[in-house]
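Please examine the sequence and the structure shown below. The report then describes selected features in turn.

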Amino acid sequence: MAGQKRVLLLCGDYVEDYEVMVPFQALLAYGLSVDAVCPGKKAGDICRTAIHDSLGHQTYSESRGHNFALNATFDEVDASKYDGLVIPGGRAPEYLAMNGSVIDLVKKFEDLRKPIASICHGQLILAAAGSVKGRKCTAYPAVKPALIAAGAHWVEPESMAFCTSDGNLITGATYEGHPEFIRLFIKALGAKISGSGKRVLFLCGDYMEDYEVMVPFQSLQALECHVDAICPGKKTGDLCPTAVHDFEGDQTYSEKPGHNFTLTADFEGVDASSYDGLVIPGGRAPEYLALDEKVIQLVKEFMESAKPVASICHGQQILSAAGVLKGKKCTAYPAVKLNVVLAGATWLEPDPIHRCFTDGNLVTGAAWPGHPEFVAQFMALLGLSVSF
């Protein structure tokens, strides 16, 4: 195996929440090294994110998302040291496209013919850098005039999940297309996916944590898994509102409204035997899901059959209520320690908070910063891998 692939993620304030975190954590879970940078900022600084969603109005809504922590310094970036570039959308590209240092950086990646993956409004930066001239390109539809003016061959997105590629350039319309967008990018980097085709079930509920459902959901879809999301009392196409949990200087996490997450299957009639694994996101949903006997029975079926189960944050409230933690080693969000200990598990301290643990068929994590470990450990249980 060649050396670890290195990817640069180009960020800015009010970058779209999913469009920065999903590729960032998915690529880390697959074993790549990812540096997230923003002009004028250094490692450890944050970029505020924006939640863009379609609520039936003439354009998308915007609300405040998570605070995204950068892990590298923009002024120290050397394009020659990276294998590829990812440009998220949101509002950040509007001002990043006016930044000469950003444009010079993108041009270096283009001159080196390294894979560049850009989504939604990120293509404004490509247009400013002259990277789309004569190239097939899609984007969020509102970006069409700028791309055409920059000489691109515009490809109308058939849906908001549409992606296209032309040479080293990969473009997508919105975060709905992340599975194909990420898959095209890692394959452009030389990835080989093994163990695809697994069937995974997500146990969802209203006000589950925004990242804790979408990051693992799309990370697994990008590896060509069939992923279904269900919620008691709801059916295919229904929505679950999500919650954004973040630390902003208070004694506990803050909560803001997140995206609306679309379910892909009916809860009634779900058959655990037709799935290879189960994922339980955290947030506030587990508090009430733990009281639902059908949920409890479903979880027991997965655990009793020793199929891979991955639960994060407050999701362990459901495992505790189901009585499946006795004798298990388990971590969770620290406030859930009482539930875990009372359920007969051996408590594993999540220090630091991104620590995740595997005990037999069970993967547990404390919070969304641990997604790279959480997804990677679940992949291992499923027999999924990405190699270069």
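## Model and annotated spans

The structure is a predicted model. An unreviewed UniProt entry carries the annotation "domain: DJ-1/PfpI" for residues 5–187 and 198–380.

For residues 198–380 the figures are 28% helix and 27% strand, with 12 Å between the end C-alpha atoms.

## The largest pocket

The largest pocket holds about 490 Å³ of space. Its lining consists of 25 residues, and those closest to the centre are Asp53, Thr174, Tyr175, Glu176 and Met214. By class, the lining of this pocket comprises 11 nonpolar, 10 polar and 4 charged residues.

Several elements contribute to this lining. At least two residues come from each of α1 (17–29), β4 (46–53), α7 (210–222) and β17 (254–262). Why is the largest pocket said to lie between domain 1 (6–190) and domain 2 (194–387)? The reason is that both domains give residues to its lining.

## The second largest pocket

The second largest pocket contains about 340 Å³ of space. It is lined by 18 residues, of which Met21, Phe24, Gln25, Trp368 and Pro369 are the closest to its centre. Two or more lining residues are supplied by each of α1, β5 (61–69) and α12 (371–382). Which of the elements gives the most to this lining? It is α1, with 4 residues.

In terms of class, 11 residues of the lining of the second largest pocket are nonpolar, 5 are polar and 2 are charged. Domain 1 (6–190) and domain 2 (194–387) each contribute to this lining, and therefore the second largest pocket lies between them.

When a probe the size of a water molecule is rolled over the atoms, it shows where empty space is left.

Strand β10 (residues 163–166) pairs with strand β11 (residues 169–172). The pairing is antiparallel and extends over 4 bridges. Within the pair, Ser165 is opposite Ile170 of β11.

How many residues lie between β10 and β11 in the hairpin that they form? There are 2 residues between the strands. Gly167 is in the turn and has a positive phi of about 65°.

Notes:
Residues numbered from 1 in each chain as written. Predicted model: local features only at pLDDT ≥ 70, side-chain atom pairs only at ≥ 80, totals over all residues. Heavy atoms only, no water. 1 Å grid on protein atoms, 1.4 Å probe; cavity = no way out; pocket = protein on both sides within 12 Å on 5 of 7 lines; lining within 4 Å. Points joined across faces, edges and corners; volume = space filled by probe spheres on them. Nonpolar A, V, L, I, M, F, W, Y, C, P; charged D, E, K, R; others polar. Domains from an automatic or database assignment. UniProt positions renumbered as here; feature names shortened; annotations may be inferred. Pairing = 2+ DSSP bridges.
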